[in-house]
Amino acid sequence: MQATAYTYDPETRSGSVLLDDGTPVEFGAEAFDAGGLLLLRPGQRVRIETEGQGGSLRITLVTLQTL
């Protein structure tokens, strides 16, 4: 699934993304670390992997979107 980075805190390595429908979803350090990223800037396109649905949707991986 693709999304756009919305917020990122380098101290906690957590933040949020906006899904393509505009829904914000938060991610924790575990998801950020799983993607091997060092930094994330708001506005970057990212690829995410998730578990669950609706209110229980949880991001398990955040990485940069590549073609």
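Colleague: Which residues does Gln44 touch, not counting those up to four places away in sequence?

Modeller: Gln44 touches Ala3, Thr4, Ala5, Leu39 and Leu64, where contact means heavy atoms within 4.5 Å. Keep in mind that this is a predicted model, where local features need pLDDT of at least 70, side-chain atom pairs count only at pLDDT 80 or more, and totals for chains, interfaces and linings use all residues. Residues are numbered from 1 along each chain as its sequence is written, and side-chain values use heavy atoms, with hydrogens and water left out.

Colleague: Why is Gln44 called buried?

Modeller: Buried means under 20% relative accessible area, exposed over 50%, and partly exposed in between (1.4 Å probe, protein chains only). Gln44 comes in at 18%, so it counts as buried.

Colleague: And what makes Arg13 partly exposed?

Modeller: Its relative accessible area is 33%, so Arg13 falls in the in-between class.

Colleague: Where does Arg13 sit?

Modeller: Arg13 is in the loop between strand S1 (2-9) and strand S2 (14-19). Strands here are DSSP runs of E with at least two residues, numbered from the N terminus.

Colleague: What makes S1 and S2 a pair?

Modeller: Two strands pair if DSSP finds at least two bridges between them. S1 and S2 have six and run antiparallel, so they pair. Ala3, one of the residues Gln44 touches, stands opposite Leu19 in S2.

Key:
Helix = DSSP H or I, 4+ residues; strand = E, 2+ residues; numbered from the N terminus.
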